[in-house]
Amino acid sequence: MTQAILVLEDGRVFRGESFGAEGETFGEVVFNTGMTGYQETLTDPSYHRQIVAMTAPHIGNTGVNDLDPESGRVQVAGYVVRQPARVASNWRAQRSLDQELKNHGVVGIAMPGTRALTRHLRDRGAMRAGISSVEADPRALLSRVLVSPGMAGSDLAAEVATKEPYTVPARGETRFRVAAVDLGIKAMTPYRMAERGCEVTVLPATATAEQILALNPDGVFFSNGPGDPATADGPVAAMRGVLASGKPTFGICFGNQIFGRALGLGTYKLRFGHRGVNQPVQDRRTGRVEISAHNHGFAVEAPLDGPFETPFGRAEVSHVNLNDGCVEGLRLLDRPAFSVQYHPEAAAGPHDSTMLFDQFCALMQHHRSTDPGEGA
Amino acid sequence: MPGREDLKSVLIIGSGPIVIGQACEFDYSGTQACRVLKAEGLRVILVNSNPATIMTDPEFADATYVEPINRETVEKIIAKERPDALLPTLGGQTALNCAVALHEAGVLERYGVELIGANFDAIQRGENREIFKGIVEEIGAEVARSVICHTMDEVLAATEQLGYPVVVRPSFTMGGLGSGFAHDEAELRQIAGAGLAASPTSEVLLEESILGWKEYELELMRDRNDNVVVVCSIENLDPMGVHTGDSITVAPAMTLTDREYQHMRDVAIAVIRKVGVDTGGCNIQFAVHPSTGRMIVIEMNPRVSRSSALASKATGFPIAKIAAKLAIGYTLDEIPNDITKVTPASFEPTLDYVVVKVPRFAFEKFPGADPRLTTHMKSVGEAMAIGRSFPEALQKALRSLEQKGTSFSWDTAPPPLEELLERIRVPHDGRLHEVQQALLAGAGIEQVYAITGIDPWFLDQIVAINEVAADIRLSDDALTADKLLAAKRHGFSDAQIGQLRSLSEEVVREVRHALGVRPVYLTVDTCAAEFAAQTPYLYSSYDEETEVPVGSRPKVLILGSGPNRIGQGVEFDYSCVHASFTLSEAGYETVMVNCNPETVSTDYDTSDRLYFEPLTLEDVLEVVYAEQRTGVVAGVIVQLGGQTPLGLAQRLKDAGVPIVGTSPESIHLAEDRGAFGHVLARAELPAPKHGTATSAEEAVAIANEIGYPVLVRPSYVLGGRGMEIVYDDAGLVAYMSTATEVSHDRPVLVDRFLDEAIEIDVDALFDGTELYLGGVMEHIEEAGIHSGDSACALPPITLGREDIKRIRESTLRLARGIGVRGLMNVQYALSAGVLYVLEANPRASRTVPFVSKATAVPLAKAAARVMMGATIAQLRAEGLLPAAGDGGTLPLDAPIAVKEAVLPFNRFRNAQGQGVDTVLGPEMRSTGEVMGIDEVFGTAYAKSQAAAYGSLPIKGRVFVSVANRDKRHMIFPVKRLADLGFEILATSGTAEVLRRNGVHAKVVRKHSDGPGPDGEPTVVRRVLDGEVDLIVNTPFGGPGQPGPRLDGYEIRTAAVVRGVPCVTTVQGLAAAVQGIEAVSRGDIGVRSLQEHARRLRGERAAR
């Protein structure tokens, strides 16, 4: 077995064995607490430039198949697991995880100290790190970690988003046409809309409001994605243009942060983020709690004590996280626009929040019936 | 304001005696519920017939009724207490069934009692298979194809569409009672026949076989706002076909992708909503086809279950506690997560460790019982272990069982592969060890998978363990830190490593410590370290960082009793928990070590710190070390957890661990036969004559010298294992020929058996100066029946003051002679005016909770304080013990408490499907106990019978067949039964004696006679046909001897099948007659322990 090391920017060193491709990699190290869905996690574009550490100790048990990925490639910059499976056991498995990581050139480490790493990140925050199976000297690796780029201030959406528009056809009858701005979209998201009768045109991250509205969609969607929302001036401008048009608008994750910025709210970096599939989010209107999938290192700052004014009319915080009180959803009260910080498409994760796609469809339906000049 | 304001009082029904399929997990859930509801300011009324439980301790409820759990009794309690609501979901199937009966009889409506947690309709929807099937299909999920049958004809017709093998499941039974797989018509007739009889609605479900599919369970909670969370997923290592209670189970699920898991979760949530479990927990089981992924919903329990106890311990999410809060109107988001304090309970725990549960069986106690595992639960207990990997958790769990041969081994050449492959084909106790051996012997994963259906991922993990073993054994180098770490991370014990390197466990430990290879302790924190845990619930792992908090107060470690087994169950957990509570109050930091997920002691709330660890020397020493590094360990308590910790005492002391209470040397004085003989001699106390023999000739010579009958037993086992009473030379020779492991090192002990003696059990407390006689219990059965299986009465019903005085004096001398500090249990036999000492155990006994409740004195608490140095005088002054007097000087009108044992005979069949014999003997076989308490013996005894087996009959037919030696003693009680209006049936010999004494007894044919010429039925037939209401049958003859004994066997097994009360001793008969008289008089009342205690305290104060 080839030895490998993981070195954090504050100098902490973990030792283990090489897993996946051999080599060296850098990124922001974050932990994910999901017990299932490593394949979806690995292929989630929001993890671009991040080294993901899994807290679940056994990873790879069900192998890898061609049906579950959320994008065309493994997106993580590096992978940290405790105990990789030696056999893949599932009726849908096509190959092993180790092989998949090798195929995609993703450097990983299998090490006993994943819990210690999680505790470290919990207390000190997400930070830059490097994994190497070619460098034996932690100090040498540390020096390279320290010159690697950090996450704050990174504009990454364009790096992972599609370069060309493409269309996901509706399943069954086409009821709505949705323009989806890809900031790092997951495959499940257009699928969730398609199964509700939406024909989804996925646009590059650089799409402008004019380009979006030129499609005359029933609704506009802003996806999840990697990076610091503070840098995403392009998508924010596009969002403002879309909001001004009065089109039904829905955003998730990064899209929620873009929405927040478009409303004039600030964003900030969470100490260690929410990455997992067990986060309790409360719908403040109904009191109901959704167990939801999360993957965000940044959050929106918004007043929790009631509606507030924005350039697009009154808005309110629609959802909060019950663990730490952070803002998990926003809604305009006078216009058909809302967003959530979490992942209703849920891949991986529970399906408690899929009705948000129904709400988006309902907004489009309502908008069409009140604005007969538009629509298909 | 959360919570419902309109509820002021709640009645909670417990689960009654510990039986297979319903064990102390319901004490855990009930105790949590009581604590929570009391803390919410509600008046809590509890009914549970099981005195060994912690929940029935008077401090946990406002009114605690140790009364039978049946509709009649609970109705009386409701009439008296008028509760606003009834919470039926925390006491297992017993409580749920009782609630259904109360509802159906209109009792709840009559008294305006609201069912909370689950309403009647939801219970029906969850439990009635036909309705449930409809619900599952309605939400678009699948169930196994099935047919409901009420008669054998319907059963046979159903197989035409389902084919064989076919599964039989009776409705409304717990623990899979009466269910099984039938491979052909003969098997079907047998299993379905039993199932129809076992189901209270005479209903069985036949369904397509899903044998060999993967099996999963989800534990869910729902609140009144319709928020649902999945607390835990559990995967069974043993595929479908083995009852989940008998399976090795793993949490979280290991071999599901997110797609499959989320589909399961969606279906589970849809089911709980549709069934309409308003608030609280439920458990849903699934089967998944291994190569197609087809998923089937197997069943749901609309209540807290054994699996929810496991899930609570596995995740740190206290299901029962939260279920109780939800039942009174809270929502999940209003309840804080106890572990993190800062996050709410409306989340799904995520684990960064693996939990493995392994069952513990007791087939050795039931010779002839079929050890194959089926859908019918047979295990008597379980152990759970936590590790950072499956191999680590699995090996820890296996050694937690404390059973020889369950841990993996590599020391001997495995049996031939073909033989192993054949053996692992059928699930049975110990199969996993054979799977490991088969893989070691060269079987491939695919090959073993094909035979066993155990998922290849699990098999590969076992291969990985074998590879580490090979590496440890084969390498020429010394043990290095890396090698040791690798082994430890795969869960190897020092003993296993020693075995592989031909070193002793001690040497391995020294090497390991010298190399600095020690475990760290990690926290079960519900969130995979995302948030800091405030509640220290710890497990060991050879990981990176230890998380043991630094303590400030002196610490006391309490060693628990490990997995439940026959002879060591919830009673010991009771003592441990009490010690923890009282020592915490006394200013110590309490640290619990145990590995039984069913118990209250392993609730993270019970002690200041919980270590979920195996109770082996190695594991305990490491915990002690970890605690010593973070504070001062004032002492380790080994006296309360039964034989498990007691067995570690000397070795712990040798390793420098401070044992408090009775010293290991003193323990030895009581446990070693020779040393104990000297103690008795010095104290001038008599013991029955005895000798030791290594051959049949020697045994016969000894027996002839000391006189028959003799009690014979092997010297190397505990708990009555292999004990028998022998009446003559032939019997003794037969015994010696079956006792295979006799040698000079392991002789057979031959004791004079005191026939017709009264057996007496005493629990006492000694501080070095003063003796506190906790209680004197008089056995109802004669000496020779294991004290755990014998019914007993407290205060003693036939002993006089002089007798008690002698008992006190003898007990004092024994306590002094042994050097007891804390509790001691002594068994005496009073025969022909001589008080013989049978044995003394310098530890908390099985009867401590019974004595505590019967006398309203918290003995275990007092014992814990005495062990830590308090004197009895001090405790009297503090009020923990009565100011004057003790359990030997109870006031004249103190209530009489009767303890009755509950036996698991209905769970076992031999390979031919017949029942196992039910005769009581010196070997303990009961799984649980109940208590009846009332003003006079007859009523108390009747209550105990009603609680244990169902009410005594007050009219009908009694069948009597007794051994010759019992014939004189049975005349009077049988005559009394005849006078009460019973029709008496008897075998010819017994009938003859009865008639000569003026009792008209009708002669019935013996089983061995067969049916008469005109089809007259045998007694067995009559019992099976439900024509007999009470059976009196005392056995005689030795094993293997034909004749009456075998007849008795058939009668008694028929009694078990039909649930007819069966008395097997004349003493029991006398008690039963008193009980029947009491029931006939009618008007049996109910009284809470608190009321009994107030009266007792009043009496004590008045004197």
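Two residues are taken to be in contact if their C-beta atoms, placed from the backbone, lie within 7 Å. The model shown in these views is predicted.

**View 1. The contact between chain A and chain B.** In this predicted model, 41 residues of chain A are in contact with 48 residues of chain B. On the side of chain A that touches chain B, the elements that give two or more residues are helix H3 (114-124), strand E15 (266-283) and strand E16 (289-301) of chain A. The largest share of that side of chain A comes from H3(A), which supplies 5 residues. Sorted by class, the side of chain A that touches chain B holds 18 polar, 14 nonpolar and 9 charged residues.

**View 2. The two domains of chain A and the contact between them.** Chain A is divided into domain 1, which covers residues 3-146, and domain 2, which covers residues 157-370. Taken over C-alpha atoms, the centres of domain 1 of chain A and domain 2 of chain A are separated by 28 Å. The contact draws 23 residues from domain 1 of chain A and 23 residues from domain 2 of chain A. Strand E3 (24-32), helix H1 (38-42) and H3 of chain A are the elements that give two or more residues to the side of domain 1 that touches domain 2, and E3(A) gives the most to that side, with 3 residues. The residues of this side of domain 1 of chain A divide into 11 polar, 7 nonpolar and 5 charged.

**View 3. The surroundings of Arg314(A).** Arg314(A) is found in strand E18 of chain A, which spans residues 313-321. Arg314(A) is classed as partly exposed because 14 other C-beta atoms lie within 10 Å. When its neighbours within four places in sequence are left aside, Arg314(A) is in contact with Pro307(A), Glu309(A), Leu333(A) and Asp334(A). Thr55(A) and Arg314(A) are 259 residues apart in sequence, and their C-alpha atoms are 40 Å apart in space.

**View 4. Helix H30 of chain B and the glycine that follows.** Helix H30 of chain B, residues 859-867, is mostly covered, with 9 of its 9 residues buried. H30(B) is followed by Gly869(B), whose phi is positive, near 110°.

Methods
Residues are numbered from 1 along each chain as its sequence is written. Chains are lettered from A and ligands numbered from 1 in the order in which they are written. This is a predicted model: local features need pLDDT of at least 70, side-chain atom pairs count only at pLDDT 80 or more; totals for chains, interfaces and linings use all residues. Helices (H or I, at least four residues) and strands (E, at least two) are DSSP runs, numbered from the N terminus. Ala, Val, Leu, Ile, Met, Phe, Trp, Tyr, Cys and Pro count as nonpolar, Asp, Glu, Lys and Arg as charged, and the others, Gly among them, as polar. A residue is buried if 20 or more other C-beta atoms lie within 10 Å of its own, exposed if 12 or fewer, and partly exposed in between; C-beta atoms are placed from the backbone. Domain bounds come from an automatic or database domain assignment.
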